[in-house]
Structures are given as structure tokens and as C-alpha cells.
Amino acid sequence: MSWSGRLFDMRDTLVRMVLLDLTGLCYLLFVPHSTSKPTTTQWILALLAFAVALAAHRRPVVNLVAQAALLAIAICLIDDFTINQVGASWALLEVTMRARRAQVIWLAAALLAVVDLTDSIGDPLRRVASGVVGLALEVGVPVLLGLVIRANRELSRQAVERALAEQRQHASESRAARADERSAIARELHDVVAHHVASMVLRVGVARHVLTDLDPRVDEVFDDVHGTGTAALAELRRLVAVLRNPDGVRGDAALTAIEPSALPAAIGASIDRARQAGVTVEAELDPAIGALDAVRGMAVLRLTQEALTNVAKHAGTSALAHLVVAVRDGSVHWEVTDNGHGGVPVGVPAGGGHGITGMRERVEVLGGRLEAGPTDTGWRVRTVLPAVAPAPVGAVPGEREAPAGTPAPEPA
């Protein structure tokens, strides 16, 4: 805000009155007068005007009436009533800037005009005409300046309201777009993915009953495939329900959250699944991961699932994978290495597959950076998820988790 805008701010009336009083005091002390010095009556009327301006700075109408009365007295008693005249004109400016109704402004202007014209009573017609012209300075200028300030203030208020309305409209459009996107994703999940997964589970179930005298190892594989497919169907149904009814959950974070106490068991289940596929997994899990927040906990779980799947897919089922999840100073250090061939995994484009892209996006949303690349003996993927900063005072609960809940692409 500029200095002029701050000077006429509604909250700074006392500052304006102090500056006005100091200006009047300097006029009395330092400006040459027709007489050798201001008279006692002039000083009394000036000091009363100063005191009223300070005492009634929050009541512009009261200040105007008092200043007009002092001006009328000064016109009758002293020759130089400039102090009282300026005080009354400034009081009219305050009324014009702050009055809630236009009638108050015009009544105040009429009152001051009548008081000013009392100085011309009994004067020749030419001097009366000169006094009427003088009203342009004493009454017209304060009213005009006050109206300009009111107009600028109203324009500023309208601009702020328009900006807020545009923000609300943009937020509404964004919510509508997200709702449409969720509905589209829910339809695809239900009509395509869930249908095919259900078909696979059904076929495996039929195979288990039709094929008899199977090798126990084959039967164990069937059981695992059937159980994994059934669990996937349950998760798909839950995800479809969340997508179709987002009002029933706390924002987008519900899509990517897990109970902290369940994280070690969930990671253990992922490790067991990789081992059943033939991958040897060595895991170093910090017990502190059970106290992670829900969003980072889900990120660690999804990263682990995708990384171990990639090991089985690209390094081979006979590979050795080493998983490390540690919590240091609130930050989560996560790393998966394997002893594969050490190049870009087969089938992964030069720019990275969708799985790596999804992992990277999930990590970046949480403020981390994913590193993936070959080593001397195989392949390594690692990242550090920064510690969660304390919520600012006055923050809405759950507000910090919302960005982390933005649906990231699931591992390919």
C-alpha cells in the first residue's frame, strides 16, 4: 500500500489527527501573522480544536459538529480563524470518507457551508460573492477528495471480491474435474480391470477343482494366485467405492493411506510374495516404521511392492534382493538392490517404465527424489522421504496430508 493510501486508511484516523494537530501547532508558532503573535483567545480555540480532533477521531460526525461550533465562535471572536477553519474542513473530509449514508455527507457539507457563510453576514454583495467562491476550497475540496477516496476504496474491495470469486470458481471447477476423473477411473477399474481379475480368479478356482492329483507345489501356486487375485479384487472394490464417493473419506489422502501399525505386516506380506515367486529377499526393517504417518507409510509400501516386482520381472526369480527401510531423524531412508545383470532392465524404455515413473511421482509429491540405476553387480533404487514438518498454528487438520494424497500412478 502506498503512503497516501495508508494515510487515508480507515484504521489510521488517530495518526491523521496527530499530524493535523502538529501542523496547526507549527502554524501558530512559526508562521508570521498579521499581529505580533496569536492571541490568547486564538490559542484557546486552537487547543480546543486539537483536543476535540484527538478525542473524537473515531466519531467523525461528532468531530464535525464540534469543529463547526468552534469555527462559528472563532469567526465571531478573532480575525485569524484559519486553525478552526482547517479543522472543520478536515472533519468534513473524515465524514465523507467514513459515512455509511450519502445523506450524512450532504448534511455535514450544508452545516459547514452555513457556518462559513456567517462570516459574510452584513458584508457588501461583492464580499459575499467572494465568500461563496471560498466555499469551493473549504467545503467542496474536502467533499470531492473524500468521494474520490471512497470510490477508490470501493473499487479495491470489488477487486478483492472478484479475485476471491475467481479463486472459488477455479477451486469448484478443479473439484468438478477431479470428480469427473474419479468417475472415469472408477468405470475403467470396474468395467475392465476388475472384470479381468475376477475372470482370472474364477478360472484359477475352476482349475483347482477340475485338475486333480496335482503336484503339491503346483497346488500351492494355485492357492497363492487365487488368494492374491481375491485380495486384488477386494482392493479394487474398495478403491472404486472411494472414487465414486469421495465425500465419505478425508480428501484424496484416503486413497494412499495405511494404518501405521499395519505397515510392518504389509511390507512383510510383500516380501513373502516375492519369495514365493522365487526371489531371495534380505530385509532390514527399522522398527520405527511402525510409527510413520499414514501417507509416507503407504508410499514405503508401494515402493517396496513395485521394486520387488521389478526384481522378479527383470533380474530373474533366482535373484537376490536386499531391502533396507530405516528412519533417521524423522526421514525415511528406503533402498532396494539386487544382483541382476546390472544394465537397464529388459523391457524398460530408455526414459524409464511406467512403474519407475509412478514411483518417482509418488516420491516427489512427498518432497523426495528417487534414484534408480545400475550398479556394478545389479540394479539399485533408493530415496529419502523427508521428515514431516510440524503443522502451522491455525492449520486445518488434515490439510498437510492432502497434497501427499494426490493419486499417483500405481506400479505397472
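## Ground rules

The model is predicted, and local features need pLDDT of at least 70, side-chain atom pairs count only at pLDDT 80 or more, while totals for chains, interfaces and linings use all residues. Residues are numbered from 1 along each chain as its sequence is written, and side-chain values use heavy atoms, with hydrogens and water left out.

Helices (H or I, at least four residues) and strands (E, at least two) are DSSP runs, numbered from the N terminus.

## The sheet

Two strands pair if DSSP finds at least two bridges between them.

Strands β2 (residues 320-328) and β3 (residues 331-338) pair in the antiparallel sense, over eight bridges. In that region, A321 stands opposite D338 in β3.

## Helices lying across the sheet

Two helices to look at here. Axes are lines fitted to C-alpha atoms, for helices over the stretch in contact, and angles run from 0 to 180 degrees between N-to-C directions. Contact means heavy atoms within 4.5 Å.

Zoom in on R302, which is in α10 (residues 294-315). R302 has 13% relative accessibility, so it counts as buried (under 20% relative accessible area; exposed is over 50%, partly exposed in between, with a 1.4 Å probe and protein chains only). Its side chain makes a polar contact of 3.0 Å with that of Q305 (a pair of N or O atoms within 3.5 Å; within protein, one must be able to donate a hydrogen and the other to accept it, and residues adjacent in sequence count only if both atoms are side-chain atoms).

## Two helix pairs

Helices α2 (residues 13-30) and α5 (residues 82-98) have axes that come within 11 Å and cross at roughly 165°. α2 and α5 are therefore roughly antiparallel (over 145 degrees; under 35 is roughly parallel, 65 to 115 roughly perpendicular, the rest oblique). Residues making the contact include L20 and Y27 of α2 and W90 of α5.

For helices α3 (residues 40-55) and α4 (residues 60-77), the axes come within 10 Å and cross at roughly 175°, so α3 and α4 are roughly antiparallel too. Among the residues that meet are L45 and L48 in α3, and L70 and I73 in α4.
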